[in-house]
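Welcome to a short tour of a protein model. Have the sequence and the 3D view open side by side, and follow along as each region comes up.

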Amino acid sequence: MSLPSNLATDDASPDWLNKGDNAWQLTAATLVGLQSVPGLVILYGSIVKKKWAVNSAFMALYAFAAVLVCWVGWGYQMSFGNTLVPFLGKPNVALDERFLLSRAFLGYFPNATMIYFQGMFAAIALILIAGGLLGRMNFHAWMLFVPLWLTFSYTIVAFSIWCPQGWLSKQGIIDYSGGYVIHLSAGVAGFTAAYWVGPRASKDRERFPPNNILLMLAGAGLLWMGWTGFNGGDPYSVSIDASLAVLNTHVCTATSLLVWLLLDIIFFGKPSVIGATQGMITGLVCITPAAGVVQGWAAIWMGIVSGSIPWYTMMILHKRIWLLKQVDDTMAVFHTHAIAGTLGGLLTGFFAEPKLSRLFYLVPEWQHYIGLAYGLEMGRAADGFKQMGIQLLGFVFVVGVNIISTSIICNLIKLVVPLRLADDELQTGDDAIHGEEAYALWGDGEKFESKLNSFYGAEEFPQPARKDASAGHVEMI
């Protein structure tokens, strides 16, 4: 039977390629990329003090570019390639057209699509780490940190949990879209790196107002909507499970935002916009490991938990626990990503619905991926407790890897360049580091009127006229 011309196979459309899946995967990957550029670039650049706007935004932009080059150079193969050891793949390039155009290890699309999709995840992980370091890290140290952490931390966790050959993957851990691989890793690494880098200048720690809350909301909105691709792309197909994951993502996030907002009103008397944004982020993080394997009512419960427990750890416990007070975590990534990611991973082990797990993992029987709640209901409590145990094991592994690797990396970098900016640079901010400032407001920009920082030379602009009141004529300034 002949197929319509648009479905017929040829050299550019082999018989294993699903055009719909490939189109969605490329779209989902781009949505994830938009979370970083411009999403987190805008959010970071606007949520910090004016003098740190350029540096904060550029830390994110640099990480995005550096990760992608390292990813195709060796990172992808270390995360998803042939096994070197049970927790890491062999480093190798991912640039040859024969490899890029062959079928990916999962899904009905080529390796080029998979590499792009997973590269967006790797990039946002580094950008999230930057959130804990804003306002004081030496940019040259950050330039070294990004490729080193990607190579010696991210790849280990990604291979162990997401690669079918990884040891935790074989155990049956559930991390639908990166609650552990991305968020727990970034939260722990960001907090650890913040400890080694040291705090911001004392004036910045005492008062650090956002320079533009409206732009911050724009960046947050891009982050939220981009999560449609973050969670909707992980079934690697245009499946009903992808639809469920997308809906659960937004329902949980909205619930978490509202819970955080209500707690702010009850305890502090005012509906904080920044607080609501934090609640949004914790909801997105918490649902990520569970998005396609839990029911809608479970997503609501996860939103309630993610909007309340991180709120309590950030607003109450943070002021009481000595260690938390000692580490200057600028964007509170420990609370929004490490705590919320842990909650998501453990709640996934509790709420994972066997039938939904089967849709996602395509296992022939329900021997794995049974949440404790359903294990108790079905008379398979042992399987439910086993799943919770695997989720706990994954938590311990991710935390251990990131504390050790991040500490080693920071101390190695310290041998080459200082981790923290000099005191005079901390006082000045963007102008001292980049020679540029974010805003030129009412005369603040004259010092930038040079050919180096302008598209046009000063002589190309007509000079404004000035009226001489005494002589009754005008002259050129």
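## Getting started

One term will come up several times: a residue is buried when its relative accessible area is under 20%, exposed when that area is over 50%, and partly exposed in between, using a 1.4 Å probe and protein chains only. Thr 277, with a relative accessible area of 5%, is therefore buried.

This is a predicted model, in which local features need pLDDT of at least 70 and side-chain atom pairs count only at pLDDT 80 or more, while totals for chains, interfaces and linings use all residues. Residues are numbered from 1 along each chain as its sequence is written, and side-chain values use heavy atoms, leaving out hydrogens and water.

## How confident is the model?

The predictor's confidence in each residue is called pLDDT and runs from 0 to 100. For this protein the mean pLDDT is 91, and 91% of the residues reach 70 or more.

Over residues 448-462, pLDDT stays under 50. A contact means heavy atoms within 4.5 Å.

Helices (H or I, at least four residues) and strands (E, at least two) are DSSP runs, numbered from the N terminus. Helix α10 covers residues 240-268. How far apart are its end C-alpha atoms? They are 42 Å apart, which agrees with the 42 Å that its 29 residues should span at 1.5 Å a residue. The expected span is 1.5 Å times one less than the number of residues. Just after α10, Gly 269 takes a positive phi of about 85 degrees.

Find helix α1, residues 19-47, where Pro 38 lies. The peptide bond from Val 37 to Pro 38 is cis, with omega near 15 degrees. Gly 39 is also in helix α1, and it counts as buried at 0% relative accessibility. Leaving aside residues up to four places away in sequence, Gly 39 touches Leu 34, Gly 219 and Leu 222.

Now look back at Thr 277, which sits in helix α11. Beyond four places in sequence, Thr 277 touches Met 216, Leu 217 and Ala 220.

## The largest pocket

Grid points are joined across faces, edges and corners, and a volume is the space filled by probe spheres set on the points.

The largest pocket holds about 880 Å³ of space. Of its 30 lining residues, Ile 274, Gln 278, Met 314, Thr 330 and Ala 332 are closest to the centre. Ala 332 is in the loop between α13 and α14; it has a positive phi of about 55 degrees although it is not a glycine, and it is buried at 10% relative accessible area.

## The second largest pocket

The second largest pocket has a volume of about 690 Å³. Of the 27 residues lining this pocket, the closest to its centre are Leu 106, Asp 234, Tyr 236, Phe 360 and Tyr 361. Helix α15 gives the most to the lining, with three residues.

Tyr 236 belongs to the loop between α9 and α10. Its phi is near 60 degrees, a positive value in a residue other than glycine. Is Tyr 236 buried or exposed? At 10% relative accessibility, Tyr 236 counts as buried.

The structure holds two cavities of 30 Å³ or more, and about 100 Å³ of space lies in the largest cavity. Residues lining the largest cavity include Leu 40, Tyr 44, Trp 227, Gln 278 and His 337. Helices α1, α9, α11 and α14 each supply at least two residues of this lining.

Note on methods
1 Å grid on protein atoms, 1.4 Å probe; cavity = no way out; pocket = protein on both sides within 12 Å on 5 of 7 lines; lining within 4 Å.
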